[in-house]
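Here is a brief report on the structure shown below. Keep the sequence at hand while reading.

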Amino acid sequence: MSSDSHRPGGELPGWIEAELAGRLDEADAAFARVFAASTERLSPPARFADLVVERALRAREPSPAWLGVPVRVVIGLAMVLMGLPIAFFSGVGLFELLAGPGPRVASAFVRLVALAGGAASAASAAWSVAASVGEAVLQACATGPGPLILLLNVLLAVAGYVGLRRLLAPAKECW
C-alpha cells in the first residue's frame, strides 16, 4: 500500500480498507486525501470583484430610453400639440374641445353621488333589519334554557380556540 501512495488515487485502497474495518476516523482522513488529490481547487477569476462592482454601478444608472418624469411630461405635451391641428382642421374650436368633457364629468359625479346615497339607504335598511333580528334573538335567549345553551356554546368555542391555538402554534424557531 505504501508503494502506491505516490500515484494519484494511491490512497484509495487504504480508504476502502479502513471503511471495511470500521475505522471511521481513519477512513474519513483517507477519503479527504483522495478527494484533495483528485480535484482542483476552485477560485473565481482575478477580476471577478471588479466586474461585480462595475455591473452594480451600471445597474444604478437610469436607462437612456426613459430619463424619468420630465421626459414623460415632454412626450405627453408633444402628443397634445400634435393633436391640436387635427382638432382645428376638423372645425372644433379650442373652447369646445376643453369645455366638452365638463357636462359629462358633472353628470358622472351626480350619478356617483346618487349611487352613494342609494348604497347608504340600503346599508341603513340592512342595519335596521339586523337590529330587529338582534332584538328578537335577545328576547328568545332570555327565556327558557336558551341562556344556558348559549353560555355552553360560548365556553365550547373558547375551549376549542385555546386548544387549536396551542396545537397549531408556530415553532419557536419561526419567531
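## An aromatic contact

W15 has a relative accessible area of 23%, so it counts as partly exposed. The cut-offs explain the label: buried means under 20%, and exposed means over 50%. The model is predicted, and every value here is computed from it.

Which residue forms an aromatic pair with W15? The partner is F31. A search of the whole structure finds two aromatic pairs. In the pair of W15 and F31, the ring centres lie 5.0 Å apart and the planes make an angle of 40 degrees. That geometry is tilted, because stacked planes are under 30 degrees apart and edge-to-face planes over 60.

The pair links distant parts of the chain. W15 sits in helix α1 (residues 12-21), F31 in helix α2 (residues 24-38). The two residues are 16 apart. F31 is also partly exposed, at 39% relative accessibility. One aromatic cluster takes in W15, F31 and F35.

## Helix α2 and its sides

Does the length of α2 agree or disagree with its residue count? It agrees. Helix α2 has 15 residues, which at 1.5 Å a residue should span 21 Å. The expected span is 1.5 Å times one less than the number of residues. The end C-alpha atoms of α2 are 21 Å apart.

Which residues of α2 are buried? They are A27, A30 and V34. These residues cover an arc of only 65 degrees around the axis, so they lie on the same side of α2. An α-helix has 3.6 residues a turn, so residues three or four places apart point the same way. On the other side of α2, D25 and A36 are exposed.

## The salt bridge

How many salt bridges does a search of the whole structure find? The search finds one. The side chains of E26 and R23 meet in a salt bridge, with 2.9 Å from N to O. That distance counts because the cut-off for such a contact is 4 Å.

E26 belongs to helix α2. With a relative accessible area of 41%, E26 is partly exposed. R23 is partly exposed too, at 37%. E26 also has a spatial relation to G14: the residues are twelve apart in sequence, and their C-alpha atoms are 9.0 Å apart in space.

## A nonpolar surface patch

Which residues make the nonpolar surface patch of about 430 Å²? They are F109, L112, V113 and L115. V113 is placed in helix α6, which covers residues 101-141.

Is V113 partly exposed or buried? V113 is partly exposed, because its relative accessibility is 47%. Membership of a patch calls for a relative accessible area over 30%.

## The chain as a whole

The protein chain has seven helices and zero strands. From the N terminus on, its elements run α-α-α-α-α-α-α. Among these helices are α1 and α2, which hold the W15 and F31 pair, and α6, which holds V113.

What share of the 175 residues in the protein chain is buried? Buried residues make up 5%. A27, A30 and V34 of α2 are buried. The protein chain exposes about 15200 Å². Carbon and sulfur atoms supply 71% of that area.

Terms used. Residues are numbered from 1 along each chain as its sequence is written. This is a predicted model: local features need pLDDT of at least 70, side-chain atom pairs count only at pLDDT 80 or more; totals for chains, interfaces and linings use all residues. Side-chain values use heavy atoms; hydrogens and water are left out. Patches are made of residues with over 30% relative accessible area and no salt bridge: like charges are joined within 9 Å, nonpolar side chains (Val, Leu, Ile, Met, Phe, Trp, Tyr) within 5 Å. Accessible areas come from the Shrake-Rupley method with a 1.4 Å probe; for residues, only the protein chains shown count as cover. Helices (H or I, at least four residues) and strands (E, at least two) are DSSP runs, numbered from the N terminus. Buried means under 20% relative accessible area, exposed over 50%, partly exposed in between (1.4 Å probe, protein chains only). Rings of Phe, Tyr and Trp (its six-membered ring) pair if their centres lie within 6.5 Å; planes under 30 degrees apart count as stacked, over 60 as edge-to-face and the rest as tilted. The arc is that of the directions from the helix axis to the C-beta atoms.
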